Amino acid sequence: MPTATTVAALAVRGASWRIGAVPIVDDVTLDLGPGEFVALIGPNGAGKTSLFNLISGLRRPSAGRILLGGHDVTALAPHLRARHGLGRTFQTSAVFGSLTIAENIALAVQARRGGAMRGWRRSTDRDIAARAEEILQRVRLERHATRIAGSLAHGEKRKLEIALLLAGEPRVLLLDEPMAGVSLEDVPALVEVIRGLTAGSGRSVLMVEHHMDVVLDLADRVAVLHHGALLACDTPEAVMADPFVQQAYLGEQL
Ligand SMILES: Nc1ncnc2c1ncn2[C@@H]1O[C@H](COP(=O)(O)OP(=O)(O)OP(=O)(O)O)[C@@H](O)[C@H]1O
């Protein structure tokens, strides 16, 4: 959790989103410190995706603010929030299926470098190749670099999506159900790649995930949404022991 002296990597301040009079996200306040890993949980329909949409800018909050690294981005479009260090994966894939893994990553790095360097100097091919290689290793896909992305199983495709996100040099990553569709035997390797996203990098992660074993393994803190409101946000142990959380989810899968 950020202290008074650190600027939160992501700060959600009193964010609400209503459809008509119905609150879908209800006055949520949540801070993510640099390097912190927070899991966002809650039953189907609790408002997790809607909160992600407010943070990434796909939706404008009815009230409240979103700050990235201390900058108020509430009025900014999604691509402008990316410039403030925000990256988001989607449950649907953004991968070019007919290109290889290496080509997909190199293209993403080139897109980022080309954009960032415009008007000054463009990155050389060698810079791009070196950064693409670094990312390949970080997501542990180096042995599969020449495989066609469209032929990958869910677990590897998910790693590639994370690689494409890393090409954008994000400071805050929003991961939306990264384990969805991934076969059980591929889960541990993907968990290790995701764990590596925050380790030693100062990068922060906010992850929606239904697999509680994955949540408890990865998260520094767990935020619980219930009917759009934040019911609890604490260490995994404290949240699991919280009687309000237990009561709210009695008989429901978290
Ligand atoms: N554009 C929309 N129009 C009407 N209702 C919406 C819209 N988007 C979300 N909702 C409603 O808001 C509530 C929260 O939806 P949301 O998808 O954010 O929940 P969630 O916690 O992500 O659920 P899940 O775990 O199933 O993905 C649901 O009742 C949903 O039907």
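Author: Two residues are in contact if their C-beta atoms, placed from the backbone, lie within 7 Å. That cut-off is applied here to a predicted model.

Reader: With which residues is Ala132 in contact, leaving aside its neighbours within four places in sequence?

Author: Once those neighbours are set aside, Ala132 is in contact with Ala102, Ile105, Ala106 and Val109, and Ala132 itself belongs to helix α4.

Reader: Why does Ala132 count as buried?

Author: A residue is buried if 20 or more other C-beta atoms lie within 10 Å of its own; Ala132 has 23 such neighbours and therefore counts as buried.

Reader: What separates the C-alpha atoms of Ala132 and Ser151?

Author: A distance of 20 Å separates these C-alpha atoms, and along the chain the two residues are 19 residues apart.

Reader: Why is Arg140 called partly exposed, and what is said of its phi?

Author: Buried residues have 20 or more C-beta neighbours and exposed ones 12 or fewer, with partly exposed in between; Arg140 has 16 inside 10 Å and so falls in the partly exposed class. Arg140 sits in the loop between α4 (125-138) and α5, and its phi is near 60 degrees, a positive value in a residue other than glycine.

Reader: What makes His227 partly exposed?

Author: His227 has 14 other C-beta atoms within 10 Å, and because this value lies between the limits of 12 and 20, His227 is partly exposed. The phi of His227, a residue other than glycine, is positive and near 50 degrees, and His227 is placed in the loop between β9 (221-226) and β10 (229-234).

Reader: Which residues touch the most other members of the largest nonpolar core?

Author: This core has 71 residues, and Leu10, Ala39, Leu40, Ile105 and Ala163 touch the most other members. Helix α5 (residues 154-167) supplies the largest share, seven residues, and the core draws at least three residues from each of domain 1 (1-85 + 171-254) and domain 2 (93-169). In soluble globular proteins, nonpolar side chains tend to be buried together.

Reader: Which residues does Ala39 touch, not counting those up to four places away in sequence?

Author: With those left out, Ala39 touches Met207, Glu209, Val215, Leu218, Ala219 and Val222.

Reader: How far apart do the C-alpha centres of domain 1 and domain 2 lie?

Author: The C-alpha centres of the two domains lie 25 Å apart, and their contact takes eleven residues from domain 1 and eleven residues from domain 2. On the side of domain 1 that touches domain 2, helix α6 (residues 187-198) gives the most, with four residues, and the residues of that side divide into seven nonpolar, three polar and one charged.

Conventions:
Residues are numbered from 1 along each chain as its sequence is written. This is a predicted model: local features need pLDDT of at least 70, side-chain atom pairs count only at pLDDT 80 or more; totals for chains, interfaces and linings use all residues. A nonpolar core is a set of buried Ala, Val, Leu, Ile, Met, Phe, Trp, Tyr and Cys residues joined through C-beta atoms within 7 Å. Helices (H or I, at least four residues) and strands (E, at least two) are DSSP runs, numbered from the N terminus. Domain bounds come from an automatic or database domain assignment. Ala, Val, Leu, Ile, Met, Phe, Trp, Tyr, Cys and Pro count as nonpolar, Asp, Glu, Lys and Arg as charged, and the others, Gly among them, as polar.
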